[in-house]
Amino acid sequence: MGSNKLVNFRSLSQNVGRFNLRNKKFVIPQMNRIGSHLLAATFRGFGIDAEVMENDKGLDLGMEYTSGKECYPCQITTGNILYYMKKEEERLGESFNPENYIYFMPEADGPCRFGMYNKYQRIVLDSIDKLDRLKIGSLSTDDGYSLSGLIEEEQVRDLRKASYFCVVVADILDRLLWRIRPYEKEPGIADDFIESSMHKMEYAFEKYGSDNEFDKILDDLEDIVREGRTIIDPDISPKPLVGMVGEIYLRTQVHANQDVVRILERYGAEVVNASIAEWVNYTTYDGLRDAKIGFRLSLKQFRLGPMKDHLKKAFSFGAELFYQQSKQKQVYKSVRSLIDLAEDHKVAHLEKILKEQDLFSFDVGTEACLSIPGIIEYAREGYNGVVNVYPFTCMPSTLTSAIVRPLMNKHRLPYLDTPYDSSYQPGREAAIRTFMYQAHQHFKRNGRKKITHTNDQELSG
Ligand code: SF4
């Protein structure tokens, strides 16, 4: 890849944003593996050529084109898109044209650095021959990740519903893996089973997603869960239950977090990680919350125009949140009738916890709004330990740690911070082992959140 040093700042607004995906290849970064693949399948169901980028080969390029001050997920995704485009150029030769691709990199409206990833990556792409013509497709938390403009307007609503549904289904498959793998009858069968289940679900989303035939997808999901629970060996006793929170990319990307869930399992844990749907619900909830605050303010000042705007936004975010939460509830209800999977926390409930304990405010925003009360909820529900997973120097997660660590000490609940960058810390596994020793002790003293082992007899019932 050649590089010219010129930076075109106009490109930050012209070549980052919502672009029509028709006749383009939509390139999706791999965050949680299952979620990214189901999202790509959902888009394919709407006739968009969508593909998930490989995740484990671009880091060297990412390091080359970053200074080391960026957040780790920014380094990873920068490297991955450069690697992907390099491979495409090698594959296609003369016919390679970066204008045929849209690279997906969403953003948040602050206050942390996630809003800057796509700007930074734009500058990097603009400095490389030809890649200045690769557009970055971005969605923002500002408008609750609106999909308007990506495809024909009449399909936007269906795409939004299908995308949300695939986020929930991907969460369920992840939770199913974490629920069955610690109790599997033979080593490796849970991983193989979930991998093949992901492909089944990709097929289902490609086939049924665009018509929003969610009942058919749910039927297939129920079949998977029924089969998945037969992997559990009923003779293996329940293990200490560990809750996980943290920065969304790091806690869900297994290469980036050096497969921390598997290491915890190696030392005897059953793990429940915070979900992706929780973040999506949070962004909608936050939009509703902002609209309500704006309405109250304009009412006080008696400004009719802004009052009307805020009211309209409040209705739109309110309806969206109602839809998301009821859909999520429906899926969890039918799956939980088959196997005991952890349910998601309701965002309003999490805000209530923060207010009750006067620990933090949703006014500040970021993942800390979910992680801090999420940890408190884990403690209340009878988990045996909590792990906070995040990129080294991540602002919201460092905040979370500062607030929660003294609380956990007070409540004598084992707690572990696991910051990650590209290096392998020699003491990391020893820290996890020590944490798990404490979690086992907690489990012996207090027991754990109730768990129901399903067995073959219940299966036939
Ligand atoms: S959440 Fe943390 S890692 Fe992610 S952008 Fe913000 S500061 Fe960076």
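1. Two strands count as paired if DSSP finds at least two bridges between them. Keep that rule in mind for this predicted model. Strand 4 (residues 101–104) and strand 5 (residues 135–137) are joined by three bridges, so they meet the rule. The two strands run parallel. Tyrosine 103 stands opposite isoleucine 136 of strand 5.

2. Now take the sheet around that pair. Five strands make an open sheet in the order 1-5-4-2-3, and the pairing is parallel. Why is one side of strand 1 and of strand 3 left without a neighbour in the sheet? Strand 1 (16–17) and strand 3 (49–52) stand at the edges, so each has a single partner strand.

3. Helices pack on this sheet. Helix 2 touches strand 2 (25–28), strand 3 and strand 4. Its direction makes about 170 degrees with that of strand 3. Helix 4 (residues 72–92) also packs here, touching strand 2, strand 3 and strand 4. The direction of helix 4 makes about 160 degrees with that of strand 4.

4. Four strands form it in the order 7-6-8-9, with parallel pairing. Strand 7 (270–273) and strand 9 (415–420) are the edge strands, and each pairs on one side only. From one strand to the next, the twist averages 25 degrees.

5. Strand 6 (residues 241–246) pairs with strand 7 in the parallel sense, over four bridges. Leucine 241 has glutamate 270 of strand 7 as its bridge partner.

6. Which strands does helix 14 lie across? Helix 14 (residues 368–381) lies across strand 6, strand 7, strand 8 (385–391) and strand 9. It runs at about 170 degrees to strand 6. Helix 16 (residues 428–446) packs on the sheet too, touching strand 6, strand 8 and strand 9. The direction of helix 16 makes about 160 degrees with that of strand 9.

7. Next, a pair of helices. Helix 6 (residues 153–180) and helix 11 (residues 276–300) have axes that come within 8 Å and cross at roughly 145 degrees. Helix 6 brings Tyr164, Val167, Val168 and Asp171 to the contact, while helix 11 brings Ile276, Ala277, Val280 and Asn281. By class, that is six nonpolar, one polar and one charged.

8. The structure holds one cavity of 30 Å³ or more. The largest cavity has a volume of about 60 Å³. Its lining includes Asp171 and Ile276, which both also belong to the contact between helix 6 and helix 11.

9. The pocket is lined by 23 residues, and Arg33, Asp174, Leu177, Arg181 and Val254 lie nearest its centre. Which helix gives the most to this lining? Helix 7 does, with four residues. By class, the lining holds eight nonpolar, seven polar and eight charged residues.

10. Finish at the ligand. Among the residues around it are Cys71, Cys112, Arg113, Phe114, Tyr117 and Glu247. Pro391, Cys394, Met395 and Pro396 are also there. How many residues of this shell are charged? Two are charged, eight are nonpolar and none is polar.

Conventions: Residues numbered from 1 in each chain as written. Predicted model: local features only at pLDDT ≥ 70, side-chain atom pairs only at ≥ 80, totals over all residues. Heavy atoms only, no water. Axes fitted to C-alpha atoms, helices over the stretch in contact; angles between N-to-C directions. Contact = heavy atoms within 4.5 Å. Near = heavy atom within 4 Å. Nonpolar A, V, L, I, M, F, W, Y, C, P; charged D, E, K, R; others polar. 1 Å grid on protein atoms, 1.4 Å probe; cavity = no way out; pocket = protein on both sides within 12 Å on 5 of 7 lines; lining within 4 Å. Points joined across faces, edges and corners; volume = space filled by probe spheres on them.
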